[in-house]
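Colleague: Could we go through this model together? I would like to start with the helices and then look at some individual residues.

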Amino acid sequence: MNPISEFVKQKRKSVKLTQEELAQKAGVGLRFLRELEQGKTTLRLDKVNQVLDMFGSETGVVRKEVSDE
């Protein structure tokens with residue numbers, strides 16, 4: 001899983017919504033939400049932001065950590 005999928009799943013459960021309920025409230029399809037929560041790497045960013053908006057969040061640029069390995 002990736003940080004976004006973990007965030008969405010945790011937030012959805014914390015507000016006691018099913019995947020179906022969140023998909024409907026966010027205006028996305030159930031399949032899209034399931035793929036998002038499963039960590040699919042090729043999803044439309046605008047739709048990801050529709051879901052994140054339900055929790056007062058959005059995607060953004062984050063500086064990548066560089067390891068010395």
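Modeller: A term first: helices here are DSSP runs of H or I of at least four residues, numbered from the N terminus. Please also keep in mind that this is a predicted model. Just after α1, Lys16 takes a positive phi of about 55°.

Colleague: Where does Lys16 lie?

Modeller: Lys16 is in the loop between α1 and α2. Its positive phi occurs in a residue other than glycine.

Colleague: And is Lys16 buried or exposed?

Modeller: Lys16 counts as exposed, because its relative accessibility is 72% and the cut-off for exposed is over 50%.

Colleague: Back to α1 itself. What span should its twelve residues have?

Modeller: Helix α1 covers residues 3–14, and at 1.5 Å a residue it should span 16 Å. The expected span is 1.5 Å times one less than the number of residues. The end C-alpha atoms of α1 are 16 Å apart, which agrees.

Colleague: Which residue caps the N-terminal end of α1?

Modeller: Asn2 does. A side-chain oxygen of Asn2 lies 3.0 Å from the backbone nitrogen of Ile4.

Colleague: Which residues of α1 are buried?

Modeller: Ser5, Val8 and Arg12 are buried in α1. They cover an arc of only 65° around the axis, so they lie on the same side of the helix. In general, an α-helix has 3.6 residues a turn, so residues three or four places apart point the same way.

Colleague: What do the buried residues of α1 pack against?

Modeller: They pack against α2 (19–26), α3 (30–37) and α4 (45–53). On the face of α1 turned away from the buried side are the exposed residues Pro3 and Lys13.

Colleague: Let us take Ser5. What is its relative accessibility, and what does it touch?

Modeller: Ser5 has 0% relative accessibility and therefore counts as buried. Leaving aside residues up to four places away in sequence, Ser5 touches Leu36, Glu37 and Gly39.

Colleague: Now a change of topic: Gln19. In which helix is it found, and is it buried or exposed?

Modeller: Gln19 is found in helix α2. Its relative accessible area is 18%; the cut-off for buried is under 20%, so Gln19 is buried.

Colleague: Which side chain does Gln19 join in a polar contact?

Modeller: That of Arg34, with a polar contact of 3.2 Å between the two side chains.

Colleague: Which residues does Gln19 touch?

Modeller: Not counting residues up to four places away in sequence, Gln19 touches Arg12, Leu30, Leu33, Arg34 and Glu37. Arg12 is one of the buried residues of α1.

Note on methods
Residues are numbered from 1 along each chain as its sequence is written. This is a predicted model: local features need pLDDT of at least 70, side-chain atom pairs count only at pLDDT 80 or more; totals for chains, interfaces and linings use all residues. Side-chain values use heavy atoms; hydrogens and water are left out. Helices (H or I, at least four residues) and strands (E, at least two) are DSSP runs, numbered from the N terminus. Buried means under 20% relative accessible area, exposed over 50%, partly exposed in between (1.4 Å probe, protein chains only). The arc is that of the directions from the helix axis to the C-beta atoms. Contact means heavy atoms within 4.5 Å. A polar contact is a pair of N or O atoms within 3.5 Å; within protein, one must be able to donate a hydrogen and the other to accept it, and residues adjacent in sequence count only if both atoms are side-chain atoms.
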